[in-house]
Amino acid sequence: MFTSFKRILKFGWQGFWRNKTLSLQVIFIMGVVVFAISFIFLFEQIGNFLITQSEEKVDISVYFKKDATEEAMLNLKQELLTLTDQVKSVDYISKKEANEIFIEKHKDDKFYMEALDQVQEDPFLASLNIKAFSSDKYAFIDEFLKAKEPEGIIEKVSYSKNKEVINQLFYITSNVKKAGFVGGIGIALLVILITFNTIKLTIISIKDEITTSRLVGASSWFIRGPFLVQSILYAIASVIIFDAIFAGCVIFLNDKMQTLFLDFNLVSVLKSNGAYLLLAQIACTIFLGSISSFLASRKYLKM
Amino acid sequence: MIKFQNLTKIYNTQAGKIVALSNVNLEIGKGELVSVVGKSGAGKSTLVKIFTREEKPSKGGIFFNDINICELKGKKLQEMRRKIGVVHQDYKLLCDKNVEENLCYIMQVVGVGDKAIAKDVKKVLEIVGIENRVCHFPHELSGGEKQRLAIARALIHRPEIIIADEPTGNLDVYNSYEVISLFKKINEMGTTILLLTHDKEAVDYLQKRVITLDQGKIIGDDKKGRFIL
């Protein structure tokens, strides 16, 4: 058993090394698989980053009436925090804090500061800043707050003002996700077809050898084994070569991407997710290569 | 040892039915050297293809040590193939392996250890006379050398029978004589040989049993080695 395994490994290596032109062609095609996986990963990461960045900038604010007690306002905050599927965070801003924020923001602007001095009464209202997990959750939160209005502590809710922007954002993010999903499936199908046909052509080019091996009594696994070994070697070689190219591109383009995509840092993304990406590339290429060679050789092994 | 029983092979083509073999009945004993002769299209190659199970007969069977080869499948078929040595008309060598590796492969298929393989390869290469071509690939060999390699491959795992399909078909007179002498030598070592040829000189030289095929039927079985076509 061990002797056969050793021989299968040896034949696999011989097939890979001796047919250099063929091996290079397959490695190149498998490189397309590696690039496709990297591209899908990159698209998803940039897409998620941009969506998160946009959603971070959106929130709704609840402004309380001047006579609303702090206890009532904090009670409402607690009630909002129980909406665990929708509400990501709620920040309470008191009148005093609102005043401080305004001053900090406009301290260099005489016009605002003079206007604030001229106002006799404190113009600021206490408020709650609510952030949802995603833009489609705001409508639900707005409905929840509307139901609270009869209690008489809410002055206004900013949702109706921001509704259009939020809905637009929801429309864009959901479509970006859909496009990413459909595009990913399309690329995956294309890559599967290309890989299968390349491996099939490789097998066809050695069909006489398969037939001869069969006629001298070789078992299916004795013939198939080397093809599987070759597929693994193709996969490893293509991942090493094309990831080196990909890494070079990333280092070269990282600064430009940061400028283009709101400080999106691909190098740090790859540092934290690179191992998973590498694993996915190796697993996909080995799986595709092995399955393709298994299916393509089946026809000639029936003899 | 080998029994062909009512062996019939009919090919269905667009032009109609072609009868390649028709009710062939034949027995070959252990250690015999039998030449099967006949014109092109007589059914010689079909006989080999059915024996190696490249094709299935339309009717009848081939019994090898009382086992019907035509009914074997999967693992048992592969085990049977390991007991037969075949020299194909087109050599069927493994192109990406050199002379030594072509020979080793057969032994590796059978599961022989590396040391035993090395010993046997050396011995067989000496018998067929291509010991100076060990590291050459098939495309680097002459026709005669390829034929010798094919014979060495058929011989190396000590099969019970060697079937040779037109082994002198692609060779010049000198090489033909060498190859036929080789078969005679192998037969003298105790291996049963079934030689399919249309080479009259080779058959005359051997002076062994000759079976004549014509249009898929046996028309002669001469123990004195006469070529009657």
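1. Let's start with how much of chain A is tucked away: of its 303 residues, 26% are buried. Keep in mind as you read that this is a predicted model.

2. Next, the overall outline of chain A. Its radius of gyration is 31 Å, whereas a compact globule of 303 residues would come out near 19 Å. The box that holds its C-alpha atoms, taken along the principal axes, is roughly 100 × 40 × 35 Å.

3. Now for the parts list. Chain A has ten helices and four strands. If you walk along the sequence, they turn up in the pattern α-α-β-α-β-α-α-β-α-β-α-α-α-α.

4. In what order do the four strands of chain A sit in their open sheet? The order is β2-β3-β1-β4, with antiparallel pairing. β2 (87-93) and β4 (154-157) of chain A are at the edges with a single partner strand each, so one side of each has no neighbour in the sheet. Going from one strand to the next, the twist averages 20 degrees.

5. Zoom in on one pair in that sheet. β2(A) and β3 (residues 127-132) of chain A are joined in the antiparallel sense over six bridges. If you want a spot to look for, find A:Tyr92, which stands opposite A:Leu128 in β3(A).

6. There's a helix lying over this sheet too. Helix α3 (residues 70-81) of chain A lies across β1 (60-64), β2 and β3 of that chain. Compared with β2(A), α3 runs at about 170 degrees.

7. Time for helix packing. Two packed helices are described by the angle between their axes and by the distance between those axes. Take helix α1 (residues 2-18) and helix α9 (residues 220-260) of chain A: their axes come within 8 Å and cross at roughly 55 degrees. Angles from 65 to 115 degrees count as roughly perpendicular and those under 35 as roughly parallel, so α1(A) is oblique to α9(A). The crossing is right-handed. On the α1(A) side, the residues making the contact include A:Ile8, A:Leu9, A:Phe11 and A:Trp13. From α9(A), A:Phe222, A:Val229 and A:Leu233 are among them.

8. Which other helix has an axis that comes within 8 Å of the α9(A) axis? Helix α2 (residues 20-56) of chain A does, and the two cross at roughly 55 degrees. That makes α2(A) oblique to α9(A), and the crossing is right-handed. The α2(A) residues in this contact include A:Val26, A:Ile27, A:Met30 and A:Phe35. Those from α9(A) include A:Tyr234, A:Val239, A:Ile241, A:Phe242 and A:Phe246.

9. One last pair to trace, in chain B. Strand β1 (residues 2-13) and β2(B) pair in the antiparallel sense over nine bridges. Which residue in β2(B) is the bridge partner of B:Tyr11? That would be B:Ile18.

How values were computed: Residues numbered from 1 in each chain as written. Chains lettered and ligands numbered in written order. Predicted model: local features only at pLDDT ≥ 70, side-chain atom pairs only at ≥ 80, totals over all residues. Pairing = 2+ DSSP bridges. Axes fitted to C-alpha atoms, helices over the stretch in contact; angles between N-to-C directions. Contact = placed C-beta atoms within 7 Å. Rg over C-alpha atoms; globule rule 2.2 N^0.38 Å. Buried ≥ 20, exposed ≤ 12 C-beta atoms within 10 Å, placed from the backbone. Parallel < 35°, antiparallel > 145°, perpendicular 65-115°, else oblique. Left-handed = near helix turned anticlockwise from the far one by under 90°.
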